[in-house]
Amino acid sequence: MEGNYYPLLKWILAAPLAGFALNGLLGKKLLGEKAGGIAGSLAIFISFVFAALSFSDLLNLPPENRLLRDTLFNWISAGSFSVDAAFRFDPLSAVMALIVTGVSFLIHVYSTGYMKGDAGFNRYFAYLNLFVFFMLTLVLADNPLVMFVGWEGVGLCSYLLIGFWYEDPEKASAGKKAFITNRVGDAGFLIGLMLLWALLSSNGVFSMDFASLEKNAPLLASATVLGMAAPTLICLLLFFGATGKSAQFPLFVWLPDAMAGPTPVSALIHAATMVTAGVYMLARLHFLYELAPKAMEVVLLVGCFTAFFAAVIGLLQKDIKKVLAYSTVSQLGYMFMAAGAGAFSAAVFHLATHAFFKALLFLGAGSVIHGMSGEQDMFKMGGLKKEMPFTFLLMAAGWLAIAGVPGLSGFYSKDLILEKVFEHGGMLVWAVGVLTAALTAFYTTRLFVLTFLRAKRAEGHAHESPLSMTLPMAALAVLAVAGGFLLKDRLFLFLDPAFVQPEHTSQAARLMLVSVAAGLAGIAAAFVLTLPKTAAALKSAAAPLHSLIFHKFYVDEIYAFAVIKPLKLVSDKVLFRFFDAGLIDGVLVNGTAKVSYAAGRALAKVQNGRLDLYALVFAIGVALMLFWVI
């Protein structure tokens with residue numbers, strides 16, 4: 001099992017790839033809807049089984065030797081530079097693989113009910129299986145280059161799934177926005193990898209696997225690039241890539257628009273898996289970030305600002321999925337706060353609990369939308385408690401978990417992050433984190449109250465979702481309720497065998513009471529401030545602020561004015577009209593053609609068929625030759 005040839009890792013990846021091939025190649029013509037859904041879901045279940053078996057084998061190894069590897073082939077060999085297509089299964093990748101395959105399987109099952117009757121049913125499952133393959137490639141990669149293949153692959157699948165209903169220009173545009181925004185971040189990620197390899201190779205290190213990088217990272221400690229410490233610059237470039245993939249400021253703008261895709265896609269890609277890739281990358285390369293304390297401070301502050309900023313925007317959104325989208329951006333900010341404070345295990349802990357309760361909330365929102373025949377405006381819902389009782393109960397579990405109610409999963413992970421940030425010395429960051437916890441409780445309670453508890457505001461009758469949708473939600477509800485308690489000690493010991501459970505101090509108890517009080521205050525405030533008269537009075541009293549928050553601080557409009565329009569102007573006037581149409585087409589292509597044509601016409605006048613003129617030219621030529629020779 002040890003060494004480079006652990007046999008099961010390739011099968012974790014092969015199963016979803018086979019599912020993609022089945023639905024993508026055979027699809028609608030041979031499989032049909034029912035068989036396509038079963039094949040797509042079964043592929044992910046098989047992958048989960050192989051991941052669980054690998055996890056069992058990993059546990060049987062001594063804690064200090066928990067690593068399973070499989071080298072498929074030598075991928076790149078150029079002089080001294082060599083990269084293998086290799087995969088690793090250590091505690092961190094094991095946690096990620098189980099989350100990805102487990103949550104993905106539940107969402108695949110849910111999708112068989114949600115997407116029933118859609119013309120692109122088989123294409124949808126092909127894309128979903130392909131996404132899982134690339135996500136597993138990302139988390140199981142044994143070196144940054146294989147990780148980058150998975151990194152780019154999930155970006156491609158995100159584009160395909162956001163714009164799944166591409167006949168709608170708005171949805172197609174949302175897919176393009178996500179793809180382009182991620183490419184901006186990925187450029188930073190790629191430059192960071194190039195710089196990392198260039199500096200290590202200059203020190204005689206040519207291996208790029210994570211074990212070698214961790215061993216040789218101290219060689220970078222004294223290096224500088226452009227007057228900046230090399231580890232700091234590399235980590236900032238890699239983090240810039242993470243701000244794109246994990247929707248942090250300033251590259252968060254694509255995620256809310258990504259809600260244009262089918263709701264199960266939002267649950268899987270834009271809540272539980274792909275958007276956590278940046279957090280995973282930081283945890284995987286923790287040894288680099290520990291050499292760059294300034295970069296860690298940037299991660300901490302960006303995460304803090306993003307968490308608060310997105311939570312504020314989420315306060316006044318009307319679209320049920322947009323509220324959850326901004327909530328996801330905010331919760332990812334919490335994870336980066338933990339990573340910036342050096343608490344990488346706490347970041348992974350919140351990544352796991354967030355996957356449970358946020359996937360549940362998105363699937364609950366999808367159930368509501370399904371029951372309401374496509375309606376997403378919460379102000380056109382209300383009173384769904386009686387009409388959708390199972391969805392109501394299951395979504396309540398997700399609501400209470402994300403609100404930080406003691407005993408549920410969100411309480412344990414969020415409280416731990418705030419404690420680690422406080423210990424790190426970030427008093428202001430901790431205070432903003434506590435305030436963000438209150439805002440989180442407020443907007444999720446507002447969502448729940450407007451959707452299920454207030455008077456019915458819609459015409460017609462909503463219907464409960466089928467078992468294929470409610471059963472996966474029930475499984476996630478169990479995890480949202482009990483997952484934090486079950487993981488809180490075991491996960492840390494698994495990720496770090498040297499982990500020692502800290503003693504419960506009076507300071508820790510006070511910090512916990514403050515965060516719990518903030519969450520409960522947010523819940524209570526939401527019940528009061530969502531009352532129609534109270535909400536109307538607040539909106540009237542603070543109309544400018546209400547408009548500013550409701551319009552998301554006009555970030556998209558600012559980007560359009562400051563970035564997109566100047567780029568379009570430069571592209572049109574300079575790059576297209578001057579360089580492409582003017583210089584390349586006008587001068588180099590058409591210009592040379594016109595010169596050739598003019599020369600041809602001039603020579604054509606000489607070739608007029610008069611023998612006396614030909615003889616004269618011949619004589620002049622001979623005379624010139626004789627003159628040159630003599």
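## Lining of the second largest pocket

In this predicted model, helix α23 supplies the largest share of the lining of the second largest pocket, with five residues. The elements that contribute two or more residues to this lining are α19 (427-453), α23 (532-541) and α24 (543-550).

The lining of the second largest pocket is made up of 22 residues. Those that lie nearest the centre of the pocket are L316, R446, L529, A535 and H546. Sorted by class, the lining has 15 nonpolar residues, five charged residues and two polar residues. The volume of the second largest pocket is about 770 Å³.

## Packing of α18 and α22

Helix α18 covers residues 409-424, and helix α22 covers residues 506-529. The two helices pack at an angle of about 125 degrees, and their axes are 10 Å apart. Because angles of 65 to 115 degrees count as roughly perpendicular and those over 145 as roughly antiparallel, this angle makes α18 oblique to α22. The crossing in which α18 passes α22 is right-handed.

## Residues in the helix contact

On the α18 side, the contact is formed by F411, D415, L418, E419 and F422. On the α22 side, these residues meet Q507, A508, L511, M512, S515 and V516. By class, the contact of α18 with α22 has seven nonpolar residues, two polar residues and two charged residues.

Terms used. Residues numbered from 1 in each chain as written. Predicted model: local features only at pLDDT ≥ 70, side-chain atom pairs only at ≥ 80, totals over all residues. Heavy atoms only, no water. 1 Å grid on protein atoms, 1.4 Å probe; cavity = no way out; pocket = protein on both sides within 12 Å on 5 of 7 lines; lining within 4 Å. Points joined across faces, edges and corners; volume = space filled by probe spheres on them. Helix = DSSP H or I, 4+ residues; strand = E, 2+ residues; numbered from the N terminus. Nonpolar A, V, L, I, M, F, W, Y, C, P; charged D, E, K, R; others polar. Axes fitted to C-alpha atoms, helices over the stretch in contact; angles between N-to-C directions. Parallel < 35°, antiparallel > 145°, perpendicular 65-115°, else oblique. Left-handed = near helix turned anticlockwise from the far one by under 90°. Contact = heavy atoms within 4.5 Å.
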